[in-house]
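Good morning, colleagues. I shall then speak about rings, sheets and charged pairs in turn.

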Amino acid sequence: MQAARHVRLMSTSRSLVRSHVHVQKHVLTASTSRAQSRSVASTGAAASQTSPPPPSQGKWRYFLQTLGRVTLVTVIGASATFYYIAHKEKNPGPQLPFDPSKKTLVILGSGWGATSLLKGLDTSDYNTIVVSPKNFFLFTPLLPSVAVGTLNARSILQPTRYLTRHKERQVLVIEAEAKEVDPVNKTVTLSDDSEIQGQISSTTIPYDYLVYAVGAETQTFGIPGVREHACFMKELHDAEKMQRRFLDCVESAAFPGQSDEEKDRLLHMVVVGGGPTGIELSGELRDFLEEDLKSWYPELASRIRITLVEALPSVLPSFSKELIAYTERTFKESDIEILTKTMVRKVNEKSVVLKGPDGVEREVPCGMVVWAAGNTSRQITRDLMAKLPEDQTNKRGIALDDHLRMKGARDIFAIGDCTASSYAPTAQVASQQGSYLSRVFKLLAKKDKLEADLSHAEISEEAEKLKKQIDKVKLKPFHYSHQGSLAYIGSDKAIADLPIFGREWTSGGVATFMFWRSAYLSTLFSLRNRSLVAGDWVRVKLWGRDVSRE
């Protein structure tokens, strides 16, 4: 019994010992866990005190998603708008036919004045006929860029039918040269002078109103050799001819065995005329040399010289003195020689004779002469003025009244370079004149309709009412609003002379060059031309100008 009791007591004590040990281990584990927890908590608190919490990734993700959506909507919207405008320009709708009861308006020319008139004209009021030897409008301010290959020739052309086919009433476009205007019988005789002609190549058309906008031709001042040996810079074929001749001079200079003296002659380019055209052409030639010719003709690039000749005391006489000085400094840095107070006496096949301010004549060898100096009246303009000798006494061009009517012929309006107005013969002046005439013809159509109603009025009260309405239709005189002058001077620099808030604001440099480009892009008449010109600028920036020639 005692032995059995002793065994039970021993087993009970072992159980108590094991339980005590287990409790101690549990307590130790719990205390260790609490200590670790306190240690982690204290470490986290310390970390939170030493560094700020990281930014919320949710807000950043939301911003990127919103930006992506806005960008996508903008791209889709811009693309849809671009496609809509392009499709609308490409696919004109139906037009009203000619109305025998309407008066006939004949427009001679397709330049700045005529195109601006067509753009604003309400053709539902007239039977409109456009006569021009060119079936397109040429954006002449960018012509120097075509001459060196910066722009493609087609990029600055706007077919006349692209404009007339979007008018309310049909417009008849005739590609022909006007030969004679009869202000007495109110007729225009025209002739097809193109290479391919049909059975009928000459005709005479009547008009009720005539807009005379034939422009002018290049003035040579009777200097020998100018027409035979110089390149002009007025029409598209002039720029293309200059580009071919310039590259021909470069390739001829690269011919094996050419003497240094002959290379220097072939690579000397003389630009005559210190106006905007001559300045921009010189700047474009400099860009062509620096950006392209030095890469493709490294052995000849250092020999190319550009000389600008101007008979007046300074270049760009219509700009401020500060901009003139800035242009001269820029040209000097670009190694473009400016010869002011210098006259051209003769142009030979391989040289030009100059008379400097000292009165001494010297012969200057050169490979090409570009003539960008002055305008003169066309033969048809002189013939028309000769038919009205009492009223047309100004030899510079057609004399006008305050409403752009030709003096001595109330049914003829004249605009652009063919006139002898007090304004400079610029594209800006001709464009404003054309826009003005579009408003004038709207008022004339209203007046003609009232007069027609008056002729059929049977009641005296109605006739008196119509007379009062006719008296209220009055034409305001034309006033030119100068919007400023721009010119590109090369080296990605341009100059601007702008009237802002009644003061003249002048600027020059790279920023002005960007403004010059944006201004010309906005002035182009269609989205098609803007796209083509912008694409050409990008193409030249990436791959340079083309140095191949036909």
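I begin with two residues, Phe139 and Tyr520, both of which are buried. Please keep in mind that this is a predicted model.

How are the rings of Phe139 and Tyr520 arranged as an aromatic pair? The arrangement is edge-to-face, with 5.8 Å centre to centre and 75 degrees between the planes. This pair links distant parts of the chain, as its members are 381 residues apart. Phe139 belongs to the loop between strand E3 (136-138) and helix H4 (143-147), while Tyr520 belongs to helix H14 (residues 510-523).

A second pair, Phe513 and Trp516, has a contrasting geometry. The ring centres of Phe513 and Trp516 are 6.0 Å apart and their planes are at 20 degrees, so this pair is stacked; the cut-off for stacking is under 30 degrees. Both residues lie in helix H14, separated by 3 residues, or about one turn of the helix. Phe513 is buried, as is Trp516.

These two pairs belong to a wider group. Ring pairs join Trp112, Phe137, Phe139, Tyr488, Phe513, Trp516, Tyr520 and Phe525 into a cluster. For the structure as a whole, the count of aromatic pairs comes to 18. One further ring contact involves a charge: the charged end of Arg517 sits over the ring of Trp537, at 4.2 Å from its centre.

Which residues make the nonpolar surface patch of about 440 Å²? They are Trp60, Phe63, Leu64 and Leu67. Leu67 is located in helix H2 (residues 57-90). With a relative accessible area of 44%, Leu67 is partly exposed, because that class runs between 20% and 50%.

Next, the sheets. Strand E13 (residues 305-309) runs parallel to E14 and is joined to it by 4 bridges; Val309 has Leu339 in E14 as its bridge partner.

Another open sheet has 6 strands, ordered E5-E2-E1-E9-E21-E20, and its pairing is mixed. Here the edge strands are strand E5 (171-175) and strand E20 (405-406). Within this sheet, strand E9 (residues 209-212) and strand E21 (residues 409-414) pair in the parallel sense over 3 bridges, and Leu210 has Ile412 in E21 as its bridge partner.

Finally, the charged pairs. How many salt bridges does the structure hold? There are 20 salt bridges. One of them joins Arg345 and Glu361, at 3.3 Å from N to O. That pair links distant parts of the chain, with Arg345 in strand E15 (residues 343-347) and Glu361 in strand E17 (residues 361-365). Arg345 counts as partly exposed at 36% relative accessibility, and Glu361 likewise at 45%.

Two others lie within helices. In helix H12 (residues 427-455), Lys449 and Asp453 are 4 residues apart, and their side chains meet at 3.4 Å, N to O. Lys449 is exposed, at 55% relative accessible area, whereas Asp453 is partly exposed at 32%. In helix H15 (residues 527-543), Asp536 and Arg539 are 3 residues apart, with their closest N and O atoms 3.7 Å apart. Asp536 is buried at 9% relative accessibility, whereas Arg539 is partly exposed at 27%. Elsewhere, salt bridges with shared partners join Asp122, Asp125 and Lys442 into one network.

Terms used
Residues are numbered from 1 along each chain as its sequence is written. This is a predicted model: local features need pLDDT of at least 70, side-chain atom pairs count only at pLDDT 80 or more; totals for chains, interfaces and linings use all residues. Side-chain values use heavy atoms; hydrogens and water are left out. Rings of Phe, Tyr and Trp (its six-membered ring) pair if their centres lie within 6.5 Å; planes under 30 degrees apart count as stacked, over 60 as edge-to-face and the rest as tilted. Buried means under 20% relative accessible area, exposed over 50%, partly exposed in between (1.4 Å probe, protein chains only). A charge sits over a ring if NZ of Lys or CZ of Arg is within 6 Å of the ring centre and within 35 degrees of the ring normal. Patches are made of residues with over 30% relative accessible area and no salt bridge: like charges are joined within 9 Å, nonpolar side chains (Val, Leu, Ile, Met, Phe, Trp, Tyr) within 5 Å. Accessible areas come from the Shrake-Rupley method with a 1.4 Å probe; for residues, only the protein chains shown count as cover. A salt bridge is a side-chain nitrogen of Lys or Arg within 4 Å of a carboxyl oxygen of Asp or Glu. Two strands pair if DSSP finds at least two bridges between them.
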